[in-house]
Amino acid sequence: MKNIKVIVFDLYNTLVEIRNNNKFFLQLYKESLNGFNIDISLYLELVMTKNERELLEVLPDEFSELFRKYEHILNDELNSIFVYNEVLNSLQGLQKKYRLFLISNLAFPYKKPVYNLGLNSYFEAMIFSCDFGHIKPDEKIFLEIEKRTKVQPEEVLIIGDSLKSDIKGAKKMGWESIQIGRKANSNNLNVIKDLKELKKYLIHL
């Protein structure tokens, strides 16, 4: 049995879900006159790797104007975020045996619900791409966990919904990984439906 000491969680679609996903930042881009003079892929990367102050500095004034104009759409999204039913009990149980961390690729407004919902109390540390400046599967964000925990790669388990960002990213690091697919085919043996199924997987790790 492998000695897992650290469990790292993804956030959105793993622990929480946005019921009214309005794709706020994408809407801002579409409403802009000329895409803020940058390619959409670069724009989305900036949104995910810059905090509010930095984003307002690098993007034109039109961005902040549109942000204020459509902020009600963002608030609708944020107010619709909920924690999946089994998550809090699961985290509480895991917290007794493992060191828990959170890594999330997100834009700066989407950090707030983590605190509003009380999720922050379950994690030793939380790393958000908009603060850290890198997004999964960049190895820098994974290495930050190893740096903080001082454990070996094989002692880390990540749980997330993204095959590219979470699972393949962790595999390159030598971490263990479990993919969660809340809407996945129930016959897929490589994907858990929720955190209640995690216990049987941990036995074999």
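Colleague: In which strand is the place of Phe-128?
Modeller: The model is predicted, so local features need pLDDT of at least 70 and side-chain atom pairs 80 or more, while totals for chains, interfaces and linings use all residues. Residues are numbered from 1 along each chain as its sequence is written, and side-chain values use heavy atoms, without hydrogens or water. Strands (E, at least two residues) and helices (H or I, at least four) are DSSP runs numbered from the N terminus. Phe-128 belongs to residues 125-128, strand 5.

Colleague: What distance separates the C-alpha atoms of Phe-128 and Ile-103?
Modeller: These two residues lie 25 apart along the chain. Their C-alpha atoms are separated by 5.9 Å.

Colleague: Which residues of helix 2 does helix 1 meet?
Modeller: Contact means heavy atoms within 4.5 Å. Helix 1 brings Phe-25, Leu-26, Leu-28 and Tyr-29. On helix 2 they meet Ile-40, Tyr-43 and Val-47.

Colleague: What do the buried residues of helix 10 pack against?
Modeller: Helix 10 covers residues 163-173. Its buried residues include Ile-167, Ala-170 and Met-173. The buried residues of helix 10 pack against helix 9, strand 6 and strand 7.

Terms used
Buried < 20%, exposed > 50% of the residue type's maximum accessible area, 1.4 Å probe, protein only.
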